[in-house]
Amino acid sequence: MNEWIAIGALALVGLLIPLSMMAVSYLLRPSVPETSKRATYESGEVPTGGTRIRFNIQYYMVALLFLVFDIETVLLFPWAVVYRAALDSPDISLVSALGPMLLFVAILLVGLAWAWRNGAVEWTRAARRRTDYDRRPIDHE
Amino acid sequence: MTGPVPLQSDGETYLLPERIADLTGLGEFGIAGESIAALLGAALVGTLMLTMTAVAGPWAKRKITAAFTDRIAVNRIGPFGLFIIVADAVRLISKELIVPENADRPAYDLAPIVVAGSAMLGFAVIPMGSGIQLADPEVGVVYLFAVSGIASIGLVMAGYASANKYSLMGGLRAVAQNVAYEIPLVVTGMSVVIFAGTLQLSEIVAVQAEPLIELGGVALPSWYAFVNPFAFGLFIAANLAEVGRNPFDTPEAPTEIVAGYQTEYSSVYFVLIYLGEFLHIFLGGAIIATLFLGGPAGPGPAALGIVWYIVKIWAVFLLTQWFRSALPRVRIDQLIEIGWKGMLVLSFANLVLTAILVGAIA
């Protein structure tokens with residue numbers, strides 16, 4: 001039996017459950033349209049400005065870094081599967097089975113160290129505006 | 001200790017759809033019969049997981065939190081307040097659906113389906129004991145990590161389509177967090193694959209049934225939680241971040257951004273997102289049980305496998321609820337730094353040390 005049929009069947013079940021719940025809810029729930037209740041929620045205040053706000057560039061930086069490491073894991077998985085079997089076979093030495101992977105991981109860790117030093121994984125904060133509170137004379141006793 | 005629980009017939013794993021086909025005689029109808037048997041099996045697994053979510057969401061979560069904070073919760077309807085599950089389901093589903101005015105419509109409606117539906121997918125390959133396992137592909141571990149990542153897309157869709165600032169922040173935080181902890185999770189899972197030498201989940205469970213050491217006549221099984229406790233701890237921490245539970249619940253952070261990506265969701269859509277989150281906690285528990293706790297193995301006959309499976313995933317659920325009551329939330333900048341500077345480096349150290357250790361033994 002093809003097991004991907006079973007996985008597809010569960011995907012179908014996973015789709016049918018939310019759809020049937022939505023259908024039941026559609027039959028049960030009231031609908032009292034009123035424009036003010038559809039207003040965007042901003043803690044009870046009148047919403048200000050658009051919602052497509054500017055956000056921290058850091059979200060983009062970590063996403064880029066993720067791509068590199070995600071591809072690395074994809075490349076490492078085949079090695080992890082055959083590693084133990086390779087060690088058991090007499091023709092392959094420990095160095096030739098482990099060495100290339102160590103080198104590969106080392107190169108990527110150098111990359112991480114570089115990104116780390118350049119602040120790619122450091123959360124950038126907006127430069128704090130100096131206030132009167134900061135300029136107050138410091139009491140050195 | 002019992003052996004590998006998925007029942008064997010001529011060396012192959014005897015999967016649930018095949019058993020249903022043999023029991024009902026559906027196997028004689030070719031691919032159509034197979035599909036029906038697969039659907040019946042999928043419905044059984046889906047119902048099982050949905051029942052556990054129903055017990056966990058409206059009832060167990062409240063009871064556990066109440067116990068931790070020395071209060072009494074849901075004790076009015078039915079024995080131990082259990083009928084609150086039915087009452088809450090009816091209450092939430094029959095609420096009015098309020099769609100925010102600027103919502104990006106198809107995406108806003110699709111997001112709850114993606115979140116709830118994708119969480120179910122992972123259970124297809126989990127060996128649940130007592131012969132309950134829908135499928136056993138050779139790429140099991142990779143499949144598991146791949147489908148458990150789909151939910152992030154649903155969260156970003158929900159956050160963006162709601163046209164709400166809190167939702168957008170929550171969606172962004174959710175994806176930054178999932179991205180940061182996905183790598184430690186997968187790399188730690190890979191160290192288990194090095195030990196087992198296979199990606200097939202039934203094989204990984206079978207390997208863990210072998211005795212590790214004898215302690216006073218009782219054989220300790222070689223569960224990877226005992227073989228490599230460091231990897232186990234790392235995996236649990238990364239998994240907490242993946243399912244967005246304390247101390248890593250920054251995407252929802254009620255005291256900062258209301259409810260994050262689900263701020264604008266009401267009625268059945270809220271139920272679906274909530275359901276998806278609980279399914280995800282259980283999926284995380286199932287992955288931990290399969291990779292580190294011997295799957296459905298436990299004392300007693302092999303037929304008890306499903307009981308041990310449920311006990312293990314509830315233990316992980318209980319752990320998340322304990323952390324929820326006991327641990328403070330980390331800030332988003334701390335979260336990113338713990339992920340990229342701490343967990344990532346530790347997980348690679350674990351991988352390299354595991355590889356060297358396995359090499360030294362061999």
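In the unreviewed UniProt entry, the feature "transmembrane region" is placed at residues 6-28, 59-80 and 92-116 of chain A. The structure described here is a predicted model. In this model, residues 6-28 of chain A are 100% helix and 0% strand, with the end C-alpha atoms 33 Å apart. Residues 59-80 of chain A are likewise 100% helix and 0% strand, and the end C-alpha atoms of this span are separated by 30 Å.

Chain B contains 14 helices and 4 strands. Its radius of gyration is 21 Å, close to the 21 Å given by the globule rule for 362 residues, so chain B is as compact as a globular protein of that length. The C-alpha trace of chain B extends over about 60 × 55 × 40 Å along its principal axes. Of the 362 residues in chain B, 55% are buried. Among contacts in chain B with a separation of 6 or more, 75% are between residues 24 or more positions apart.

The largest nonpolar core comprises 138 residues. Helix α7 of chain B (residues 165-196) supplies the largest share of this core, 20 residues. The residues with the most contacts inside the core are A6(A) and L10(A) from chain A, together with L134(B), L272(B) and F282(B) from chain B. When residues up to four places away in sequence are not counted, A6(A) touches L15(B), P17(B), A38(B), G41(B), A42(B), A124(B), L134(B) and A135(B). One of these partners, L134(B), is itself listed among the core residues with the most contacts.

Notes:
Residues are numbered from 1 along each chain as its sequence is written. Chains are lettered from A and ligands numbered from 1 in the order in which they are written. This is a predicted model: local features need pLDDT of at least 70, side-chain atom pairs count only at pLDDT 80 or more; totals for chains, interfaces and linings use all residues. UniProt positions are given in the numbering used here, feature names are shortened, and annotations may be inferred rather than shown by experiment. Helices (H or I, at least four residues) and strands (E, at least two) are DSSP runs, numbered from the N terminus. The radius of gyration is taken over C-alpha atoms; the globule rule is 2.2 Å times the number of residues to the power 0.38. A residue is buried if 20 or more other C-beta atoms lie within 10 Å of its own, exposed if 12 or fewer, and partly exposed in between; C-beta atoms are placed from the backbone. Two residues are in contact if their C-beta atoms, placed from the backbone, lie within 7 Å. A nonpolar core is a set of buried Ala, Val, Leu, Ile, Met, Phe, Trp, Tyr and Cys residues joined through C-beta atoms within 7 Å.
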